[in-house]
Amino acid sequence: MAQNRYRPIRTTATRTAGARMGQEQIVRAMGVAILRGDYPEGALLPAEADLMAQFGISRTVLREVLKTLAAKGLVVSKTRVGTKVRAQVDWNMFDSDLLGWRIDLGMDLRFLNSLYEIRLAVEPAASALAALRRSDESLARMRALIDEFRQPGHTRSTFAEVDLALHLEIAAASGNPFMRSVGAIIEAALMASFVDSAPVADQTRLSHSTEDHAAIVEAIAKGDATAAAAAMTAVIEDGRKNRALLLQQGSGAKPA
């Protein structure tokens with residue numbers, strides 16, 4: 001474990017440039033190094049003196065950086081021991097910075113499966129609640145989004161934008177602020193996933209995906225909570241299957 005203490009954090013900046021890095025940039029550099037696996041779970045970060053020298057910062061600034069990383073669940077500091085990387089299970093994956101760094105590094109199969117699992121835990125329930133609680137205005141917005149799905153000429157990005165907007169609208173229609181908040185927190189990860197899996201090059205899949213989403217909205221319109229949850233589950237599982245196909249073809253996310 002000791003060898004990890006003195007290995008420098010990898011950055012694209014030289015030490016001179018590092019001296020000009022702001023506190024947020026240093027937080028990002030160290031956070032990315034941890035997510036990338038430069039410092040595995042349980043490893044010690046370099047000693048304070050080494051980090052201060054590498055980034056050209058004071059002990060006060062460094063300790064603020066470490067406090068920020070600790071608040072994100074990445075590290076824990078102990079007197080006479082040092083700063084240790086926490087187990088991944090303790091990382092706050094709902095933190096917007098942490099999610100952004102993870103997406104920038106690339107979404108591997110482990111990360112994507114975790115994303116699908118949280119979606120399956122939340123979105124079918126949100127759809128069921130939306131069937132019971134949606135307003136006429138919210139239903140009108142959902143149907144307008146289905147109309148947008150059916151417009152020709154989508155790119156991956158435009159299709160993904162409509163896809164994400166519908167999922168967030170359903171979360172909002174649930175009337176449960178926690179469900180809407182979860183949707184907002186993982187928005188960036190969902191968008192990256194949707195862009196990769198948007199079926200714009202395959203008209204059959206495109207039509208199939210559109211009508212599967214329409215089935216969710218129609219179940220919500222009828223107030224059928226069971227059907228709404230089942231339709232949402234089918235959409236998410238179809239996305240998981242298409243992601244696996246992309247991996248087999250050597251596209252999209254990298255295997256873990």
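Reply: A nonpolar core is a set of buried Ala, Val, Leu, Ile, Met, Phe, Trp, Tyr and Cys residues joined through side-chain atoms within 4.5 Å, where buried means under 20% relative accessible area. In this structure, which is a predicted model, the largest such core has 26 residues, and those with the most contacts inside it are M142, L166, I170, I216 and I220.

Me: Which elements give two or more residues to this core?

Reply: They are α7 (109-133), α8 (136-149), α9 (156-173), α12 (203-222) and α13 (225-248), with α12 supplying the largest share, seven residues. A second, separate core of 25 residues includes I34, V85, W91 and W101.

Me: What does I170 touch, not counting residues up to four places away in sequence?

Reply: Contact means heavy atoms within 4.5 Å, and I170 touches A126, S127, A130, M142, I216, I220 and M232 once those sequence neighbours are set aside. For the protein as a whole, among contacts with a separation of 6 or more, 74% are between residues 24 or more positions apart.

Me: How does V76 count in terms of accessibility, and where does it lie?

Reply: V76 lies in strand β1, residues 75-78, and because its relative accessibility is 30%, it counts as partly exposed. Leaving aside neighbours within four places in sequence, V76 is in contact with G82, T83, K84 and R86.

Me: How much of the protein is buried, and what secondary structure does it have?

Reply: Buried residues make up 46% of the 256 residues, and the secondary structure comes to 13 helices and two strands.

Definitions and conventions
Residues are numbered from 1 along each chain as its sequence is written. This is a predicted model: local features need pLDDT of at least 70, side-chain atom pairs count only at pLDDT 80 or more; totals for chains, interfaces and linings use all residues. Side-chain values use heavy atoms; hydrogens and water are left out. Helices (H or I, at least four residues) and strands (E, at least two) are DSSP runs, numbered from the N terminus. Buried means under 20% relative accessible area, exposed over 50%, partly exposed in between (1.4 Å probe, protein chains only).
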